Amino acid sequence: MEDSRLVWRTEGRRELLRTPVFKVMGQHETSATGIEGDYIALDSPLCVVTVPVLEDKFVLVRQWRHGAGMLTTEFPGGVIDRGEEPEAAAGRELSEETGYMAGRLTLLGKCNPNPALFNSRFYCFLAEELTPTGVQHLDRDELLDVKLVPISEVIADFGSEEYSHAFMGTALAFYLRHVNKH
């Protein structure tokens, strides 16, 4: 079958809501077969997630997540600043959140967090040859603790409440694919 019959054309877009993190867009779309409908898409910034490895441990951050109303433990990451390269953002976020500098960053993969709603991507980097600086540079509203957790424990416990962030699960899958290649 041809993919062209599955493609929809955006006929119009309008901003419904602007937040500090994303914009909610209303889109009127038409399918190749003539079906019309109104849909929602979220314009959100590009993000990075860094998988920092120190010997047999991951360097993780524990923080409050407002959407879920709970504490989670996850890989460091954040928004890529306008004009910033993903690799630079990965190193910056790692340093800001954990106080570790990476001697080597390797792109593990990139993907869309949820293509049904989001138009963005996030990039995942492996951070190795870590050096502690002892200094974090957190945002005003960023409260977090740094944890060193055995890699085997994180893999075994992923999906529990503590390790429930889907970006982390995707980053973990990229990491496992990488280590299984070598």
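Mentor: Start by counting: how many helices and how many strands are there in the protein?

Trainee: There are three helices and ten strands. What makes a run of residues a helix or a strand here?

Mentor: Both are DSSP runs, numbered from the N terminus: a helix is H or I over at least four residues, a strand is E over at least two. From the N terminus on, the order is β-β-β-β-β-β-β-α-β-β-β-α-α. This is a predicted model, in which local features need pLDDT of at least 70 and side-chain atom pairs count only at pLDDT 80 or more, while totals for chains, interfaces and linings use all residues. Residues are numbered from 1 along each chain as its sequence is written, and side-chain values use heavy atoms, with hydrogens and water left out.

Trainee: What are the overall dimensions of the C-alpha trace?

Mentor: Along its principal axes the trace spans about 55 × 40 × 35 Å. The protein has 182 residues, and 40% of them count as buried.

Trainee: What makes a residue buried or exposed?

Mentor: Buried means a relative accessible area under 20%, exposed means over 50%, and partly exposed lies in between (1.4 Å probe, protein chains only).

Trainee: Then why is E55 called exposed?

Mentor: Its relative accessible area is 74%, so E55 falls on the exposed side of the cut-off. E55 is found in the loop between strand 4 and strand 5. Its phi is near 60°, a positive value in a residue other than glycine.

Trainee: Why are strand 4 and strand 5 said to pair?

Mentor: Two strands pair if DSSP finds at least two bridges between them. Two bridges join strand 4 to strand 5, so the pair meets the requirement. These strands run antiparallel, and L54 has K57 as its bridge partner in strand 5. They form a hairpin with two residues between them, and E55 is in the turn.

Trainee: What other partners does strand 5 have?

Mentor: Strand 5 pairs with strand 10 (residues 144–150) in the antiparallel sense over seven bridges, where L60 stands opposite K147. Five bridges join strand 5 to strand 6 (residues 70–74), also antiparallel, and V61 has E74 as its partner there. The hairpin of strand 5 and strand 6 has four residues between the strands, and G69 takes a positive phi near 65°.

Trainee: How do you know that strand 2 and strand 3 pair?

Mentor: Strand 2 (residues 23–31) and strand 3 (residues 36–43) share eight bridges in the antiparallel sense, with G26 opposite I40. Four residues separate them in their hairpin, and G34 in the turn has a positive phi of about 100°.

Trainee: What makes a set of residues a nonpolar core?

Mentor: Its members are buried Ala, Val, Leu, Ile, Met, Phe, Trp, Tyr and Cys residues, joined through side-chain atoms within 4.5 Å. The largest such core has 21 residues, of which V51, F58, L60, F75 and Y175 touch the most other members. Helix 3 gives the most to this core, with five residues.

Trainee: Which residues is Y175 in contact with?

Mentor: Leaving aside neighbours within four places in sequence, Y175 contacts V51, V53, F58, L108, L126 and I151. Apart from this core lies another, of twelve residues, among them A89, L94, Y123 and A127.

How values were computed: Contact means heavy atoms within 4.5 Å.
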